Amino acid sequence: MLQGRHSQVKTAGHLATMAHYPQPATLEAALPLLNRPDLRLRQQLGEQLTALVRKEPEISHDLAAQLIDSMVAWLNGGNFKVAQNALEVLTALAERMGPEFSHYVPTVLPHIIDRLADTKEAVRHTARTCVASLASSRAVNARALLARLAPALQHKAPHAREEALRCIQALLDHHGATELQLRAAVPNLAALVGDPSSAVRDAAMQLLVDVYRHVGERLRQDLKKKELLPAQKFALLEQKFDEAREAGLMLPTAVSGSDETDFVSRTVKRTMTIPTSARSRDGDSSGASTPACEVPKRTVPGLYSLPSANRKPPPPAKLTSAGSVSSGISTSATGEAGAVSSEAFEAAFLSSAPAAVYGPRGLDDLCRHAAALLGDRSADWEKRVDALKKIRSLLTANVHQQYPAEFAAHLKEMSVPFLVVIKDLRSQVVREACITIAHMSKVLRNKIDQFSLYILQELINLIQNAAKVVSSAGTICVRYIVLYVQSPRLLPVIMTNLTSNKSKEIRSTLSEVLVLILEKWPAQTIEKQQVAVRDAIRRACVDADSICRTNGRRAYAAYKRHFPDDAEQLFAQLDTAAQKQIERERNVGSVDSLHHVGTERRAITSPRSPSTSVSDRTPGSVTARSVSALDAAAAQRARARALYSHMSRNKIPPTASLPDPRFDRDEDISE
């Protein structure tokens with residue numbers, strides 16, 4: 001009796017506590033409450049949100065975006081009941097929005113897959129249901145969803161591997177083998193037949209039997225021919241195949257013709273790849289952040305826009321030149337043997353497949369492992385290159401958006417390892433390091449200003465390297481940093497090297513970088529280091545190198561557009577020769593002529609121009625002055641060659657005396 005009274009008091013107290021929390025009547029009214037840290041409030045709201053989503057008259061994209069952000073935070077929390085409620089809400093939201101939910105799949109799917117490894121079976125079951133609802137509601141293509149589940153087959157947690165197999169089996173039952181195209185997944189499934197976990201082995205065996213029911217004997221023949229299974233495992237699997245056939249469980253697709261003679265992919269080592277979207281912004285792919293295991297062979301536009309049956313392989317994409325005026329990245333190194341081009345940088349960005357990241361702890365393991373390899377000079381150089389590619393894959397997976405605080409902390413720890421790898425003696429390692437830094441600059445922009453400041457001096461030192469691959473990679477990397485990391489903290493390092501470095505290559509390259517800064521950066525940013533920029537322009541205009549002087553005048557023209565009054569004062573401080581050259585180029589009428597390296601070639605009128613043949617010379621002819629006219633000896637040799645060619649055409653004997661160049665040759669020729 002006392003126990004019954006105690007339970008009644010406890011129930012009444014619980015109801016009073018629950019009544020204390022607000023009871024939102026609409027989904028919009030519940031949004032402000034979702035970010036509160038109270039776990040009891042989240043549990044209560046989670047039970048109500050699913051009903052609110054189902055009965056909401058209309059769910060706008062703004063409302064859905066706010067709700068999804070809150071649910072992602074719930075999934076990353078430590079309470080399994082809150083995470084389970086979030087999965088139920090996402091399932092209801094996907095069923096309600098249908099194909100319109102495809103915009104949010106790249107955001108929520110990695111977190112849903114993470115919950116497949118949860119220790120609570122209820123959470124894993126809800127996550128599996130949520131994955132199935134994404135495909136059934138057409139929020140994501142079934143084939144693309146299969147590609148997203150591929151990395152989970154190699155997850156270190158047995159629960160994740162088992163649940164991934166069950167998700168694939170649900171997709172197979174609902175969509176069939178024709179739509180999924182499972183041939184690329186069969187090697188992974190066969191490998192899991194020998195998994196240490198018995199539950200994973202059983203699930204993999206059952207899934208292969210289901211695949212056999214859909215495709216028939218092709219699977220048996222290919223497994224035997226490719227030797228994907230040990231003999232003992234294959235004998236057991238064949239027995240299950242025979243039992244399914246004798247029981248009459250085979251489907252009509254198992255006996256129909258196929259488009260390929262082999263069901264399994266020709267290359268067994270090739271694992272499933274994610275066709276990332278070609279629509280990007282600021283270098284970020286708009287595809288999902290959960291990656292495939294290998295670098296994709298091509299990028300397929302519109303990952304969620306077209307059904308798998310109607311999608312055709314696109315033609316090879318044409319890489320746009322990164323040296324265009326809009327991009328600001330020069331491609332002057334492309335014509336030199338052994339040099340790296342900016343097109344190679346962009347191609348390396350596109351070839352980076354998203355890395356498989358399973359929560360903040362998985363990100364921590366990947367970053368620490370990469371930093372340890374980069375900072376170890378004795379490590380194998382191929383492993384260090386792989387570590388650099390892994391960092392690019394993390395950026396492609398958008399970990400800087402999913403885990404901003406954790407990634408920012410690891411970025412600070414990577415500055416020293418990157419400084420070590422930039423100084424490496426192997427050119428391939430330095431090249432990959434420059435590509436990775438350029439990719440970081442393009443994706444993270446001003447978020448890596450401190451990181452860029454730490455390594456910028458060493459990158460500048462690479463410009464004068466004797467190896468073309470190193471010098472060109474360092475040059476392009478510096479330009480990427482200047483173009484995308486528009487921080488005034490970088491200007492003192494650049495201006496100091498431009499004005500005081502003894503290397504002509506460094507000064508000429510940095511003079512081009514100075515022009516890029518003045519053309520691409522806003523005036524407010526340059527104004528913070530205006531004195532240093534003005535002094536750099538003044539010294540560049542009187543530099544010993546002609547390229548540096550030309551770029552200095554280009555920089556003055558760009559500086560004048562930002563600060564016209566201060567530019568007049570700077571003009572007064574220049575020496576007379578620089579002022580005359582600036583005035584001469586200004587009178588030409590266009591600053592575009594300054595883009596040509598060297599002095600301007602002016603049209604002249606001369607009857608003795610060595611750039612034309614003797615027979616074509618007339619007193620009124622107008623020709624362009626040859627470069628050889630700058631040298632008196634070269635001009636004399638040119639005149640002699642012209643006379644010899646004239647003599648050979650007129651069949652003059654070689655013993656005939658040559659005319660004296662002091663006399664007018666036109667009179668002799670006219671005769």
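**Helices, cores and loops**

A: H27 and H29 cross in a right-handed way. Keep in mind that this is a predicted model.

Q: Which residues of H27 and H29 make the contact?
A: From H27 they are Arg 553, Tyr 556 and Lys 560. From H29 they are Gln 581, Ile 582, Glu 585 and Arg 586.

Q: What is the angle between H27 and H29, and how far apart are their axes?
A: The two helices pack at about 70 degrees, and their axes are 11 Å apart.

Q: What do you call that arrangement of H27 and H29?
A: Roughly perpendicular, since angles from 65 to 115 degrees count as that.

Q: What about H28? Which of its residues are buried?
A: H28 runs over residues 564-573, and its buried residues are Asp 566, Ala 567, Leu 570 and Phe 571.

Q: Why do they end up on the same side of H28?
A: Because they cover an arc of only 150 degrees around the axis. On the other side of H28, Asp 565 and Ala 572 are exposed.

Q: What covers the buried residues of H28?
A: The cover includes helix H26 (530-541), helix H27 (546-562) and helix H29 (576-588).

Q: New topic. How many residues are in the largest nonpolar core?
A: It has 92 residues. Those with the most contacts inside it are Phe 345, Phe 418, Leu 459 and Ile 537.

Q: Which helix gives the largest share of this core?
A: That is H22, residues 468-484, which supplies 11 residues.

Q: And what does Phe 345 touch?
A: Leaving out residues up to four places away in sequence, Phe 345 touches Val 340, Cys 434, Ile 435, Ala 438, Ala 473, Ile 476, Cys 477 and Tyr 480. There is also a second, separate core of 87 residues, which includes Leu 45, Val 72, Leu 90 and Ile 112.

Q: Back to Phe 345. Which residues of H14 and H20 meet?
A: In H14, Phe 345 is joined by Ala 344, Glu 346, Ala 348 and Phe 349. In H20 they meet Arg 431, Cys 434, Ile 435, Ala 438, His 439 and Lys 442.

Q: How do the axes of H14 and H20 cross?
A: The axes of H14 (residues 342-350) and H20 (residues 427-444) come within 10 Å and cross at roughly 70 degrees. That makes H14 roughly perpendicular to H20.

Q: Now the loops. What is phi for Arg 445?
A: It is near 55 degrees, a positive value in a residue other than glycine. Most residues other than glycine have a negative phi.

Q: Where is Arg 445?
A: Arg 445 is in the loop between H20 and H21 (449-461). It is partly exposed, with a relative accessible area of 29%.

Q: And what about phi for Arg 138?
A: Arg 138 is not a glycine, yet its phi is positive, at about 65 degrees. Arg 138 is in the loop between H7 (121-136) and H8 (142-149), and it is partly exposed, with a relative accessible area of 48%.

Q: How many residues of H8 are buried?
A: 7 of its 8 residues are buried, so H8 is largely enclosed by the rest of the structure. The buried ones are Ala 142, Ala 144, Leu 145, Leu 146, Ala 147, Arg 148 and Leu 149.

Q: What covers those residues of H8?
A: The cover includes H6 (105-114), H7 and H9 (158-180).

Notes:
Residues are numbered from 1 along each chain as its sequence is written. This is a predicted model: local features need pLDDT of at least 70, side-chain atom pairs count only at pLDDT 80 or more; totals for chains, interfaces and linings use all residues. Side-chain values use heavy atoms; hydrogens and water are left out. A nonpolar core is a set of buried Ala, Val, Leu, Ile, Met, Phe, Trp, Tyr and Cys residues joined through side-chain atoms within 4.5 Å. Buried means under 20% relative accessible area, exposed over 50%, partly exposed in between (1.4 Å probe, protein chains only). Helices (H or I, at least four residues) and strands (E, at least two) are DSSP runs, numbered from the N terminus. Contact means heavy atoms within 4.5 Å. The arc is that of the directions from the helix axis to the C-beta atoms. Axes are lines fitted to C-alpha atoms, for helices over the stretch in contact, and angles run from 0 to 180 degrees between N-to-C directions. Angles under 35 degrees count as roughly parallel, over 145 as roughly antiparallel, 65 to 115 as roughly perpendicular and the rest as oblique. A crossing is left-handed if the near helix is turned anticlockwise from the far one by less than a right angle, and right-handed if clockwise.
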